[in-house]
Amino acid sequence: MVLVLLHMQFENTLSFAQQLDANDKLAHFKHQFHLLTHNNKHVVYLCGNSLGLQPKSVRAAIDQELNDWAKFGVEGHFDAKNPWFGYHHFLTENAAKVVGAKPSEVVIMNNLTVNLHLMMVSFYKPTVTRFKIIMEAAAFPSDLYAMETQVKHHNLNPNEAIIELKPREGEHTLRTEDIIATINANADSLALVMLGGVNYYTGQVFDMKAIAAAAHAVGAYAGFDLAHAAGNLHLQLHDWDVDFAVWCTYKYLNSGPGGTSGVFVHERHENSELNRFAGWWGHDEGERFQMKKGFKAIPGAQGWQLSNAQIFPMAIHKASLEMFAEAGMENLRAKSELLTCYLEFILNQYTDHLTVITPKNKDERGCQLSIIVKQDGKKLFDYLVSENIMPDWREPDVIRMSPVPMYNTFEDVYLIGEALKKYFA
Ligand SMILES: *Cc1c(COP(=O)(O)O)cnc(C)c1O
């Protein structure tokens, strides 16, 4: 695939785009989604980084649980086709494949920011000397608020405890060498490095393996928010030796608005004495209904569960994960690289008018490209929407385009170019 990418001569023609689609082994997956239309015209949907489209299989998956609820009432916990008592077990194997983990290292539960707080309870236990957190200055706001309030919870001052990473003057993205230098400069006081796997604004991918190694070398933990990475990158969380990770499932994982979330805890911490906020669903499954005192955690990530499973969001996620297992994250990523390289080629026809701020190196980005338009970006964004192209707009000045390998086509990318051609003519 790499060779193909290096040597491929892209062409800005419909026939070339259609040829790429004809060669695409994953092309049939788009028929398994409800693609958007407007006035009976195809909409080029580029917001998979925000809310993935609906897989058609979701409706039957929800119906299954509705029917079993109607038929069995509470007995559905054991008698449903997919018994609710251990529902998370139906998701862990496929979720583990998506993030490159062992099934015991992964659990699906709650929502993303909730899970981030739960992980902070376990992995952020500041001491008088070791209390600092390194994060991106331009992190997603929920992560900024989570870190700020976690620090305050320990009676510390966020201005002293949180070290913000900022790009160098005149640059848009962070350099790995600068992240590692910041880790080393705070070697004695650093408790945790908490970054996104992919920055939501610039689309930059962080070198999670190198960052985790640098954090561990100074005695700190490394955790990642994979909201924009899960279902997008070919992750290897276990091998990269990441301590913990959290992600949502409604972005690239197509599991519905406000959908459930995933947690990874490295098996190294499986039986550790980490602090945690516990609930009955994380308690030894054999004893769960004995209603006894004294919390006994299930080994692994499942031991962080609090509440009984949210069957409906999890049923959606189960159906969606089955598609990921069938397609294979490696294949999806290979197509994604090609799709985004093609988008980059198309956008680069208009460098007089716009700049792509996402890294040019494909290993430093996922499918998203972030664009700054030299003049009135919002006007171009509105124009694209009127042309049935649907990117998203992020204040203050970025248009994000995220062609995804599950349901976007090379022809979609070509159509973006056609709209730009009209606009800039
Ligand atoms: C999308 C996103 C969130 C959203 O958090 P929820 O708890 O799912 O509402 C948080 N953090 C990052 C980095 C995100 O990209």
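Predicted model: local features only at pLDDT ≥ 70, side-chain atom pairs only at ≥ 80, totals over all residues.

Reader: What makes the pair Arg-175 and Glu-171 a salt bridge?

Author: The term requires a side-chain nitrogen of Lys or Arg within 4 Å of a carboxyl oxygen of Asp or Glu. For the side chains of Arg-175 and Glu-171, the N to O distance is 2.5 Å. The pair therefore meets the limit of 4 Å. In general, side chains of opposite charge can pair when their charged atoms come close.

Reader: Are Arg-175 and Glu-171 buried or partly exposed?

Author: Buried means under 20% relative accessible area, exposed means over 50%, and partly exposed lies in between. Arg-175 has 30% relative accessibility, so Arg-175 counts as partly exposed. Glu-171 has a relative accessible area of 30%, so Glu-171 is likewise partly exposed.

Reader: Why is Arg-288 called buried, and what is the class of Glu-285?

Author: The relative accessible area of Arg-288 is 3%, which is under 20%, so Arg-288 is buried. Glu-285 has 24% relative accessibility and therefore counts as partly exposed. The side chains of Arg-288 and Glu-285 meet in a salt bridge, with an N to O distance of 3.6 Å.

Reader: Which residues form a nonpolar patch on the surface with Trp-280?

Author: Phe-78, Phe-289 and Met-291 form the patch with Trp-280, and together the four have about 440 Å² of accessible area. Trp-280 is found in the loop between β10 (261-265) and α12 (311-327).

Reader: Which residues have the most contacts inside the largest nonpolar core?

Author: They are Val-99, Ile-183, Leu-226, Trp-247 and Met-406, in a core of 64 residues. The largest share of this core, seven residues, comes from α12. Domain 1 (2-32 + 328-424) and domain 2 (62-326) each supply at least three residues to this core. In soluble globular proteins, nonpolar side chains tend to be buried together.

Reader: Which residues does Met-406 touch?

Author: Beyond residues up to four places away in sequence, Met-406 touches Phe-29, Lys-30, Phe-33, Asn-254, Met-323, Phe-324, Ala-327 and Leu-332. A second, separate core has 34 residues, including Phe-10, Phe-381, Tyr-383 and Val-413.

Reader: How many residues of each domain take part in the contact between domain 1 and domain 2?

Author: The centres of domain 1 and domain 2, taken over C-alpha atoms, are separated by 29 Å. Domain 1 gives 29 residues to the contact, and domain 2 gives 20 residues.

Reader: Why is Asn-94 called buried, and what covers the buried residues of its helix?

Author: Asn-94 has a relative accessible area of 15%, which is under 20%, so Asn-94 is buried. Asn-94 lies in helix α5, residues 89-99. Leaving aside its neighbours within four places in sequence, Asn-94 is in contact with Leu-321, Glu-322 and Ala-325. The cover over the buried residues of α5 includes β4 (106-108), α11 (237-240), β9 (244-248), α12 and α13.

Reader: What makes Gly-328 buried?

Author: Its relative accessible area is 19%, which is under 20%, so Gly-328 is buried. Gly-328 is placed in the loop between α12 and α13 (329-347).

Key
Residues numbered from 1 in each chain as written. Heavy atoms only, no water. Patch = residues over 30% accessible without salt bridge, like charges linked within 9 Å, V, L, I, M, F, W, Y side chains within 5 Å. Areas by Shrake-Rupley, 256 points an atom, 1.4 Å probe, with all protein chains shown as cover. Helix = DSSP H or I, 4+ residues; strand = E, 2+ residues; numbered from the N terminus. Core = buried A, V, L, I, M, F, W, Y, C linked by side-chain atoms within 4.5 Å. Buried < 20%, exposed > 50% of the residue type's maximum accessible area, 1.4 Å probe, protein only. Domains from an automatic or database assignment. Contact = heavy atoms within 4.5 Å.
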